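Work through the exercises below with the model open in a viewer. Each task is followed by a solution in steps.

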Amino acid sequence: MEDTVIFKDSEGTRLSGALTEVTKKNLVIMIHGYGGTKQDEIFNRLIEELVPQGISTFRFDMFGHGESDGDFNHMTVRQLVDGLFSALDMLTQMGFENIGCVGFSLGGLVSLVGASQNDTLSYLSLLSPASDITSLKSINDGKDNIAYDIVKNLHIPVLIVHGTEDKLVSIEQSKKLDSLLSNSILEVVEGADHLYYDEELFERAIHLMVDFILKHKQ
């Protein structure tokens, strides 16, 4: 059973989340991409796989997205990361342990920045992460939040899954990210685009992520 959870970031912005609790011992936070929501199909599939394996999940709409408040046209990476920090504070106060994070596209950058500044997360599972969003003019602090500049502070296990035919976020970003991380695995999905429209390739990406998460279950 998935329960709606309403919480606020440090500036009082109302954020909408959904919690599926099966245990306090293992939990995965799921962060969507630019323009996405917590209802993205990737998260539905991951929940189908993880919950029967005894892993709780929490997904939420970032600032300015979905059912959360905030102006989409004036969001910053700082605000998005602040939402993650607020979620982590809430979930740890609720007693959850061994918290990992799944980040898709922009959510991958939010995960990386968040994990570099907060030691609550145990591991990251990133799908087509956007490490450098300086070309995205709608987020004006992108130049101050480039993943390559902060990963020297990140030593937790990181999985990166990226498709070779991604036209929105080049796989070259993930190759560079992998080369800079101290504890990472890069899984290349041949032929996959950014949104994994091919069902077989989508399922391959899902199972790579699930296997990694299960490896770090306590």
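## Exercise 1: The largest pocket

The model is a predicted one. In it, the largest pocket has a lining of 15 residues, and those nearest its centre are Tyr 34, Ser 105, Leu 136, Leu 168 and Val 169.

Task: State the volume of the largest pocket and divide its lining by residue class.

Solution. 
- Step 1. The volume of the largest pocket is about 290 Å³.
- Step 2. Its lining comprises nine nonpolar, five polar and one charged residues.
- Step 3. Take Ser 105, one of the residues nearest the pocket centre. Ser 105 sits in the loop between strand 5 and helix 3 (106-117).
- Step 4. Ser 105 has a relative accessibility of 10%, under the 20% cut-off, so it counts as buried.

## Exercise 2: Backbone angles

Task: Examine phi at Ser 105 and at Tyr 196, and say where Tyr 196 lies.

Solution. 
- Step 1. Most residues other than glycine have a negative phi.
- Step 2. Ser 105 is not a glycine, yet its phi is positive, about 55°.
- Step 3. Tyr 196, also not a glycine, has a positive phi of about 55°.
- Step 4. The loop that holds Tyr 196 runs between strand 8 and helix 6 (199-215). Tyr 196 is buried, at a relative accessible area of 4%.

## Exercise 3: The cavity

Task: How many cavities of 30 Å³ or more does a search of the whole structure find, and which residues line the largest cavity?

Solution. 
- Step 1. The search gives one cavity of 30 Å³ or more.
- Step 2. The largest cavity holds about 30 Å³ of space.
- Step 3. Its lining consists of Asp 9, Leu 15, Phe 60, Met 62, Phe 63, Gln 79, Leu 80 and Gly 83. By class these are five nonpolar, two polar and one charged.
- Step 4. Helix 2 (residues 77-93) contributes the most to this lining, with three residues.

## Exercise 4: Strand 4

Task: Describe the neighbours of strand 4 on each side, then decide why it is largely enclosed.

Solution. 
- Step 1. Strand 2 (residues 14-20) is antiparallel to strand 4, with four bridges between them. Ala 18 stands opposite Arg 59 in strand 4.
- Step 2. Strand 3 is parallel to strand 4, with five bridges. Here Val 28 has Thr 57 as its bridge partner.
- Step 3. In a regular strand, side chains alternate between the two sheet faces.
- Step 4. Ser 56, Phe 58 and Phe 60 point one way from strand 4, whereas Thr 57 and Arg 59 point the other way.
- Step 5. Five of the five residues of strand 4 are buried, so the strand is largely enclosed by the rest of the structure.

Technical notes:
Residues numbered from 1 in each chain as written. Predicted model: local features only at pLDDT ≥ 70, side-chain atom pairs only at ≥ 80, totals over all residues. Heavy atoms only, no water. 1 Å grid on protein atoms, 1.4 Å probe; cavity = no way out; pocket = protein on both sides within 12 Å on 5 of 7 lines; lining within 4 Å. Points joined across faces, edges and corners; volume = space filled by probe spheres on them. Nonpolar A, V, L, I, M, F, W, Y, C, P; charged D, E, K, R; others polar. Helix = DSSP H or I, 4+ residues; strand = E, 2+ residues; numbered from the N terminus. Buried < 20%, exposed > 50% of the residue type's maximum accessible area, 1.4 Å probe, protein only. Pairing = 2+ DSSP bridges.
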